[in-house]
There are 2 protein chains.
Amino acid sequence: MKIICTKSNLVKGVSIVSKAVPSKTTMPILECILIDATTDTIKLTANDMELGIETTIEGTILQKGIIALDAKIFSEIVRKLPDNEVIIETNSNLQTLITCEKAKFNISGKSGEDFSYLPYIEKKDCITLSEFTLKEVIRQTIFSISDMDSNKLMSGELFEVDQNILKVVSLDGHRISIRKIELKESYEPRKVVVPGKTLQEISKILSGETESEVTIYFTNNHIVFEFSNTVVVSRLIEGEYFRIDQMLSNDYETKVRINKKELLSCIDRATLLVKEGDKKPIIINITDESMQLKIQSQIGSMNEEIMITKDGKDLLIGFNPKFLIDALRVIDDEEVSLYFMNAKAPCFIKDEEQSYIYLILPVNFNAAA
Amino acid sequence: MKIICTKSNLVKGVSIVSKAVPSKTTMPILECILIDATTDTIKLTANDMELGIETTIEGTILQKGIIALDAKIFSEIVRKLPDNEVIIETNSNLQTLITCEKAKFNISGKSGEDFSYLPYIEKKDCITLSEFTLKEVIRQTIFSISDMDSNKLMSGELFEVDQNILKVVSLDGHRISIRKIELKESYEPRKVVVPGKTLQEISKILSGETESEVTIYFTNNHIVFEFSNTVVVSRLIEGEYFRIDQMLSNDYETKVRINKKELLSCIDRATLLVKEGDKKPIIINITDESMQLKIQSQIGSMNEEIMITKDGKDLLIGFNPKFLIDALRVIDDEEVSLYFMNAKAPCFIKDEEQSYIYLILPVNFNAAA
């Protein structure tokens, strides 16, 4: 194999596919990036068997061929080369010579035959949305997946298509995050659970531009994301997702309208009195026109008052401050509405159209303290 | 005690003195920042017994007093307060109330009496230079102090004043870094060894402006740096510093003029084939008009050629690439001169005026490899 391409194209491609290289594995071939120049395009691929990424880079193929190179070493070499044309050349012993200006690197490769190619996916069942929207919806929900291995379904997110609505849901037993996105077209109903890791890695690759489109294909076992010159294939998580509809309710006894930034900064300040692992609740006292927030720990105490518009009963309720912070951080509205039933029922943060719903369970606390 | 000052002044002051708060200590009082408002200025102090920092912040003293607050908690609280006026108020039980807008923090303080004040220093023997120059000279020499505890003197830097020249020297057994700075005035001769830690912390505080001056006072046991509203006091390292003059020489058999950036990038690229802890030398082959650099490791091999101007004999010599990188990084010249005697004698990187001299010992290597 002998190919030429610019350093910048190579760096871009390598950094995209590297997201699918496992940090730990017992199979050395999975630590490699495959350079496939057997056809008339140069394709880079990495695949950890759960998640596979393939991207095409511009360049010239002088001699067709294929080679697998250690991802870490190859990407470090490529990144440190001068900003110029790079020649990658292999011989029959899989020795690979990487030349750029007067710099010459010589490393050993592995046979492309040992590499696990991406599974073949029949592309028929698909939806499209912008890179921006996909990146945003991942950011707005990914924080409430569970990293516990005990329940595989909780480590993924529900992607549910119904007509022209894509609903994305994550939950971890203490909270639920729901985002609804309006699609340009109507589609057949679809429900899949996508691994959280896939979504985390894909959101690093997505450019986030509103003008570039992502096409998402579904099969029974896989989901495929296609955008720019890149294809991401991931296994789905098997099983039926939690029935969340029965946990949602539109009734409330107390409704609060509050400035989001003020509330977020206040809770953020309060958490610095809580050491990691220490489960001190933030206690919220809702009265007419004002919300008082209090936290008390071994380090000291903090209290602050925020002006609100209240509708309904007064309420004293406690929360894990991190859960409130996580939800408030990903809401773009200047003012948010909080809905409460009582001190033991979940709180809902949602907008009128329910384009977002964040459900957070309260925690018990000693009211006397 | 009751004082008022702006959040930004408080943040600035706390971040300066925090540099002298030890990360680990058996004496809880050393983990504190002292707020001293017993006179007509507000002074913050931290002191780990080796290094002490004191800074004055603007503000109003409503009631004189003194309190020691846990540095970590206090600085986190201060940083997260709204950007407004902050009131710090203590009661007779050392409870401290920090108020800013509607946020109120309550933490416990410690008595100021338990705090170790900075030692009293008689200020007579001093030199002055700009913050910029001091910050630069530390950056240009600090990398070659030794972090081994076996030789205390190697963990510090020699500050030697002779007439209007300040010479700063560091060495670690494999290399020596020397920088000479011309001062505006002539001073009495002085030779002290300053702890590396002091210099590292002080260089984080120095603004690096050419117009602000630093005054450095010397006593037998201490060095004091005074600049802006800040005083840094540090113990000196006792003992006589190494006689380096006998290790320096102006003879050479080979002299090379080379583009610094080209050389640095080339060595930087070569090092990625060397895993940490692995001591692979970079082998330099100097011939007429060109320098060839080679490195070989288990990962692979790399070689590159750079155009040079040579004076004297051809030479094949090996170095620890990190030592060359460290020195080249802090030299601002576009072209540098390297002086060699033979493959077993040190290499000197220096300018004509010898305002900098970097001595690096070569390493043995198997020439056949």
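The entries below go from the basis of the model to annotations, helix pairs and sheets.

**Basis.** I worked from a predicted model, in which local features need pLDDT of at least 70, side-chain atom pairs count only at pLDDT 80 or more, and totals for chains, interfaces and linings use all residues. Residues are numbered from 1 along each chain as its sequence is written, chains are lettered from A and ligands numbered from 1 in the order in which they are written, and side-chain values use heavy atoms, with hydrogens and water left out.

**Entry 1: annotations on chain A.** I looked up the UniProt record, in which an unreviewed entry gives residues 1-118 of chain A the annotation "domain: DNA polymerase III beta sliding clamp N-terminal". Such annotations may be inferred rather than shown by experiment; positions follow the numbering used here, and feature names are shortened. I noted that residues 1-118 of chain A are 18% helix and 44% strand, with end C-alpha atoms 21 Å apart. Helices (H or I, at least four residues) and strands (E, at least two) are DSSP runs, numbered from the N terminus. From UniProt I also took "domain: DNA polymerase III beta sliding clamp C-terminal" (unreviewed entry), placed at residues 247-363 of chain A. That span is 18% helix and 44% strand, and its end C-alpha atoms lie 17 Å apart.

**Entry 2: H1 and H2 in chain A.** Two packed helices are described by the angle between their axes and the distance between the axes. I found that helix H1 (residues 7-17) and helix H2 (residues 71-80) of chain A have axes that come within 9 Å and cross at roughly 150 degrees. Axes are lines fitted to C-alpha atoms, for helices over the stretch in contact, and angles run from 0 to 180 degrees between N-to-C directions. H1(A) is therefore roughly antiparallel to H2(A) (angles under 35 degrees count as roughly parallel, over 145 as roughly antiparallel, 65 to 115 as roughly perpendicular and the rest as oblique). The crossing of H1(A) past H2(A) is left-handed, that is, the near helix is turned anticlockwise from the far one by less than a right angle. A:Lys7, A:Leu10, A:Val11 and A:Val14 of H1(A) make the contact with A:Phe74, A:Ser75, A:Val78 and A:Arg79 of H2(A), where contact means heavy atoms within 4.5 Å. I counted 5 nonpolar, 1 polar and 2 charged residues in the contact of H1(A) with H2(A). In this scheme Ala, Val, Leu, Ile, Met, Phe, Trp, Tyr, Cys and Pro count as nonpolar, Asp, Glu, Lys and Arg as charged, and the others, Gly among them, as polar.

**Entry 3: H5 and H6 in chain B.** Helix H5 (residues 260-271) of chain B packs with H6(B) at an angle of about 145 degrees, the axes being 10 Å apart. H5(B) passes H6(B) in a left-handed crossing. Among the residues in contact I noted B:Leu263, B:Leu264 and B:Ile267 of H5(B), with B:Leu324, B:Ile325 and B:Leu328 of H6(B). By class, the contact of H5(B) with H6(B) has 7 nonpolar, 1 polar and 3 charged residues.

**Entry 4: a sheet in chain B.** In which order do the 7 strands of the open sheet in chain B stand? I read the order as E11-E12-E24-E23-E22-E16-E20, with antiparallel pairing; two strands pair if DSSP finds at least two bridges between them. Strand E11 (156-171) and strand E20 (309-312) of chain B each have a single partner strand, so one side of each is left without a neighbour in the sheet. Neighbouring strands of this sheet are turned by 20 degrees against each other on average, direction ignored. Strands E16 (residues 254-259) and E22 (residues 335-340) of chain B pair in the antiparallel sense over 6 bridges, and B:Ile258 has B:Val336 as its bridge partner in E22(B). Helix H4 (residues 196-205) of chain B lies across E11 and strand E12 (175-195), at about 70 degrees to E12(B). Helix H6 (residues 321-329) of chain B lies across E12, E22, E23 and E24, at about 175 degrees to E24(B).

Entry 5: I traced an open sheet of 9 strands in the order E5(A)-E1(A)-E7(A)-E8(A)-E9(A)-E19(B)-E18(B)-E17(B)-E21(B), with antiparallel pairing. Its edge strands are E5 (60-63) of chain A and E21 (315-319) of chain B, each pairing on one side only. Neighbouring strands of this sheet are turned by 15 degrees against each other on average, direction ignored. Strands E18 (residues 290-296) and E19 (residues 300-307) of chain B run antiparallel and are joined by 7 bridges; B:Leu293 stands opposite B:Glu304 in E19(B). H5(B) packs on this sheet, touching E9 of chain A and E17, E18 and E19 of chain B. H6(B) also packs on the sheet, touching E17, E18 and E21 of chain B, at about 70 degrees to E17(B).
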